[in-house]
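The sequence and coordinates are shown first.

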Amino acid sequence: MPFLPARVFAVTHVPAGMVRGGHAHLRGYQWLVCLNGSIEILMRCHGEEVTLLLDPVRFGLLLGPGVWCQQKYLDEGSVLLVFASESYDPATYIEQWT
């Protein structure tokens, strides 16, 4: 991991089909790891859009500053573990993607 985590949290008990996230961070990094189930990740940055699948077989996904990200939980019981380089501060979130 290319940073020392300031915060670690797990996203659990998300119903299948639900979408979470939908923002970017002004600064800081996040490492996303799917511990159970499967999660579709939509990323947008600099006019590009990429979708990929996270599941326990893949090692994880590193998100940098300014990368807008949304997660769709595909399976009941999916668990996402997040390592963040910064403490929680919603003032640093970028909600809109342009």
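The side chains of Glu-49 and Arg-44 form a salt bridge at 2.7 Å, N to O, the term denoting a side-chain nitrogen of Lys or Arg within 4 Å of a carboxyl oxygen of Asp or Glu. Glu-49 is partly exposed, with a relative accessible area of 48%; buried means under 20% relative accessible area, exposed over 50%, and partly exposed in between (1.4 Å probe, protein chains only).

The model is predicted: local features need pLDDT of at least 70, side-chain atom pairs count only at pLDDT 80 or more, and totals for chains, interfaces and linings use all residues. Residues are numbered from 1 along each chain as its sequence is written, and side-chain values use heavy atoms, with hydrogens and water left out.

In total, the structure holds three salt bridges, tabulated here.

| Salt bridge | N to O distance |
|---|---|
| Arg-27 and Glu-86 | 3.4 Å |
| Glu-49 and Arg-44 | 2.7 Å |
| Asp-55 and Arg-58 | 2.7 Å |

Strands are DSSP runs (E, at least two residues), numbered from the N terminus. Arg-27 is partly exposed at 44% relative accessibility, as is Glu-86 at 26%.

The lining of the largest pocket comprises 22 residues, with Phe-9, Gly-21, His-23, Gln-30 and Gln-71 nearest its centre. A pocket is an open set of points on a 1 Å grid over the protein atoms alone where a 1.4 Å probe fits, with protein on both sides within 12 Å along at least five of seven lines; lining residues have an atom within 4 Å of a point. Strand 2 gives the most to this lining, with six residues.

Which residues touch the most other members of the largest nonpolar core? Among its 15 residues, these are Leu-32, Ile-41, Met-43, Leu-54, Leu-61, Leu-63 and Leu-80. Such a core is a set of buried Ala, Val, Leu, Ile, Met, Phe, Trp, Tyr and Cys residues joined through side-chain atoms within 4.5 Å. Strand 4 (39-45) is among the elements giving two or more residues to this core, and strand 4 contributes the most, with three. Another core, of five residues, lies apart and includes Phe-3, Val-33, Leu-81 and Phe-83.

Note on methods
Helix = DSSP H or I, 4+ residues; strand = E, 2+ residues; numbered from the N terminus.
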